Amino acid sequence: GEGSSRGPDTSLFVPVPLKPVGDAAEEDVGAELTRPLDKGEVLKNLNKFYKRKEIQRLGSENGLDARLFHQAFISFRKYIMESSSVSADLHIILNDICCGHVDDLFPFFLRHAKQIFPMLDCMDDLRKISDLRLPPNWYPDARAIQRKIIFHAGPTNSGKTYHAIQRFLSAKSGIYCGPLKLLAHEIFQKSNDANVPCDLVTGEERVYANEDARQAPHIACTIEMCSTNTPYEVAVIDEIQMIRDPSRGWAWTRALLGLCAEEIHICGEAAAIDLVTELMYTTGEEVEVRNYKRLTPLTVLDYALESLDNLRPGDCIVCFSKNDIYSISRQIEARGLECAVIYGSLPPGTKLEQAKKFNDPDDPCKILVATDAIGMGLNLCIKRIIFNSIVKPTVNEKGEKEIDSITTSQALQIAGRAGRYGSSFKEGEVTTMHRDDLVQLKEILSEPVRPVKAAGLHPTPEQIEMFAYHLPDATLSNLIDIFVSLSQVDGLYFVCNIDDFKFLADMIQHIPLNLRSRYVFCTAPLNRKEPFVCTTLLKFARQFSRNEPLTFDWLCRHTKWPLPAPKNIKELVHLEAVHDVFDLYLWLSYRFMDMFPDAVLVRDIQKKLDNVIQVGVCNITKLIRASQSAAVPGTAEVLSEDFPLSRTKRDTRVVSDHQGGAKSTEALSIAVDVPGERRAKNLKAYRSATRQEDLKSHGRGSLANRLLREGLLTQEMLRQLESEWQDQHRNGRYGLGSKRDDRNSSKETGKKKK
């Protein structure tokens, strides 16, 4: 809330263990001065002490809520009962208590509590460090200049970014910040082609326009990489509505508040105008808004596609799961048509190659099957967008998975890709695959886009370092939790979710690293749903901690490079993971040059791998066929990689994922251990079960939703049920092949993030 100082979440406070005192070398002075302790008496008195209201009140005045008071007391009692001698002053008090002065124990109890909960002593400091209330003040360089802010607002295909880039190119110096490597690449290319020397900076790559690696006056970067202390004449911040992104929003906030540029050109949805204006009001900067309209007409058709027999050149089918991509591209090929395929986990080179193939008028490939990865970053000549389904798996603020209808903003972004200005298709069309989705798509597209309400923030390494100084015994994951629970933010901001960070922190907790290095490893961009990439990070960290450089040879051994072309989908998925491992190496090589010394060689084999993957994707339908016919062990892995996407009306299903990767691998092993035929049967049973469940829940939402609506079930009860369900599921109470079983394993395996 607005600067309210709420109590901390004390469930995050982990007590520091204290050992009871063994036989002391010096004589037990307390016993000499008075008499030995009668432990039976002491125990009775300690319990009396605990129950006194007065003592509980004193405790809470000193920051011990009921939970901490209880934990501290149990620890204090154990310490006294198990120590063979205690300090003289405590000994005397304990003997004295028998005459009824229980309260005199309090100072000793508090001293003990502060030893096991060091945060009690520095609560005020911790609150100060985690106070995130005035983000504009974090950027004194930007505050020292008066910046001119121009907001280019409009839908996809309105020319908003084009105008901002023209200004970038005409400036003496400039920086472009975009959400994707592909976008940074595109501006880097455009700029150099226009004879404006421009460098490229992404997490994994630095490319200099000048031979001698001198910095060019222009730079195109992924937004996380922008510098807030280099002065520029013009800065461009693209896709500003992503400032609300639950995990990456902080990077847009940082760029918006921190870039040192005379002019800042912001591009994105009009839904962000009010928030940006309010944020700039706090920095005393005015915002000039330029509104753009779409350059080519876009029509929502009155009929659905209904069948793949009705496909035409220039069609793009959008799916929200990789499985749907596999099955649809297979069905298209069965009709004798060629199609291009684009999804999030493909390397950039492969995406560009597939886009080029689809765009090329002389190529027989005229159909595109893609995920919402086409929503930004690729120039495509699409005549008609066809939504295969209009529900999409997402992860909410709490890190739980949900399946819900796509938002108006997502629908517009994707639909807007049809009929690109300057392409061979002068106008765009949009429809759905299934007739009953069309009504709802029209509804979604006609709703106003919800305004962006708040901007993301996240703790800086400096803040975490100061926290660690006060709480030296806490793990990094615990530090971050305590930080977020104590942090205070203004109404215009929110703290981004740190699940990925904590997942990595827990994974490498047992490896001895200094705090700075540990923090860097935890911010590495990786998809925690890919076991191979996670185990590689673990190996990197282990070797790093032993001070052994990670060489090219080591990496080749670990990844079994060189790798042959994939023979089935499982192998293709593995190659994509290896590509991510190379990305991880390159990312780390810019942060620890001497420990990851072979970036040049790794970039070289990564390009070769990209080509191997390109060949695989060109033959994707053959790979799918191979996977299906042989029922290769591990096909199920691919088939259950995404949510079962049923087409229910606005039916939100929440499945929480606290254990991160652990669950998905369990779900996978269940799917993989079944022999081929049985697996095929399970999939069939599960698909028809899903279909039946859909019919039942059609119009009414799921049973859980109905119970929630009628107030018979709370979200908390739902979570409880679910964890019990999963425990039973783990203990194998249900035979494989029951419909719930399959549904669960499919859902748990989660969606790859792009």
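# Aromatic contacts and backbone features

The charged end of Arg591 is placed over the ring of Trp587, at 3.9 Å from the ring centre. This structure is a predicted model. It holds 16 aromatic pairs, and one aromatic cluster is formed by Phe49, Tyr50, Phe69, Phe73, Phe76, Phe106 and Phe109. The points below cover ring pairs, charges over rings and backbone geometry.

**Aromatic pairs around Tyr585**

- Among the 16 aromatic pairs is that of Phe540 and Tyr585, which is edge-to-face, with 6.1 Å from centre to centre and 70° between the planes.
- Phe540 belongs to helix α21 (residues 531–545) and Tyr585 to helix α23 (residues 569–589), so this pair ties together parts that are 45 residues apart in sequence.
- Phe540 counts as buried because its relative accessibility is 0%.
- Tyr585 also has a relative accessibility of 0% and therefore counts as buried.
- Tyr585 pairs with Phe596 as well: the ring centres are 5.3 Å apart and the planes stand at 80°, so the pair is edge-to-face.
- Phe596 has a relative accessible area of 1% and is buried, since buried means under 20%.

**Charges over rings**

- Arg206 lies over the face of Tyr590, and its distance from the ring centre is 3.8 Å.

**Cis peptide bond**

- The peptide bond that runs from Trp561 to Pro562 is cis, and its omega is near 0°.
- Pro562 is located in the loop between α22 (552–559) and α23.

**Positive phi in residues other than glycine**

- Asn195 is a residue other than glycine with a positive phi, near 60°.
- The position of Asn195 is in the loop between α10 (181–193) and β3 (198–202).
- The relative accessible area of Asn195 is 71%, which makes the residue exposed because the cut-off for that class is over 50%.
- Glu306, likewise not a glycine, has a positive phi of about 65°.
- The loop between β9 (298–300) and β10 (315–318) contains Glu306.
- Glu306 is partly exposed, its relative accessible area being 44%.

Note on methods. Residues are numbered from 1 along each chain as its sequence is written. This is a predicted model: local features need pLDDT of at least 70, side-chain atom pairs count only at pLDDT 80 or more; totals for chains, interfaces and linings use all residues. Side-chain values use heavy atoms; hydrogens and water are left out. Rings of Phe, Tyr and Trp (its six-membered ring) pair if their centres lie within 6.5 Å; planes under 30 degrees apart count as stacked, over 60 as edge-to-face and the rest as tilted. Helices (H or I, at least four residues) and strands (E, at least two) are DSSP runs, numbered from the N terminus. Buried means under 20% relative accessible area, exposed over 50%, partly exposed in between (1.4 Å probe, protein chains only). A charge sits over a ring if NZ of Lys or CZ of Arg is within 6 Å of the ring centre and within 35 degrees of the ring normal.
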